[in-house]
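Me: I'd like to learn how to read a few features of a structure. Can you walk me through some?

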Amino acid sequence: RDYLPDEMQSELNQFENIVTEVVQLIPGEVETNYNQGIQLYVDGNLTDARKKLTRLMSFIRNLNLEEEYPEKHAEIVEYLQDIEIIAAANHAVRNDDLERALMLFDMIDHPNNLVRERIVETRRFLEMKTGRGVFGE
């Protein structure tokens, strides 16, 4: 690097400092965005949770950080899958396919209060529809 003109050497040093700062910020950004995405999910704000977690997944993949954050990566995948299952279950409820909706709700790895409420409502609707308990009672 001694062969570089002083001006280029100075710019290269500034660039290295910026890269170092960005690399140091990455763990905090991953953690913050993960926590925000999960909190949105827990609060039942599935649209924003999906957006936040999808962006975080893209960030992790684009920077090839899957090996540095294997647990977070796996959990993000689980939460995104849960959001898709919830959407499918809600669609089944709207189409009056209550048994399918309950089966889908049962597949959710991370049920939140919204899911628990939907399960109770769906069971109640199924009981009213069939005139018996969900489990043939």
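Reply: Asn33 has its place in helix α1, residues 6–42. This is a predicted model, where local features need pLDDT of at least 70, side-chain atom pairs count only at pLDDT 80 or more, and totals for chains, interfaces and linings use all residues. Residues are numbered from 1 along each chain as its sequence is written, and side-chain values use heavy atoms, leaving out hydrogens and water.

Me: Is Asn33 buried or exposed?

Reply: Buried means under 20% relative accessible area, exposed over 50%, and partly exposed in between (1.4 Å probe, protein chains only). Asn33 comes out at 19%, so Asn33 is buried.

Me: How do I read an aromatic pair?

Reply: You describe a pair of aromatic rings by the distance of the centres and the angle of the planes. Rings of Phe, Tyr and Trp (its six-membered ring) pair if their centres lie within 6.5 Å; planes under 30 degrees apart are stacked, over 60 edge-to-face, the rest tilted. The whole structure has one such pair. The ring centres of Tyr41 and Tyr79 are 4.9 Å apart with planes at 80 degrees, so that's edge-to-face.

Me: Which parts does the pair of Tyr41 and Tyr79 tie together?

Reply: Tyr41 sits in helix α1 and Tyr79 in helix α3 (residues 70–94), so the pair links parts 38 residues apart in sequence. Both Tyr41 and Tyr79 are buried.

Definitions and conventions: Helix = DSSP H or I, 4+ residues; strand = E, 2+ residues; numbered from the N terminus.
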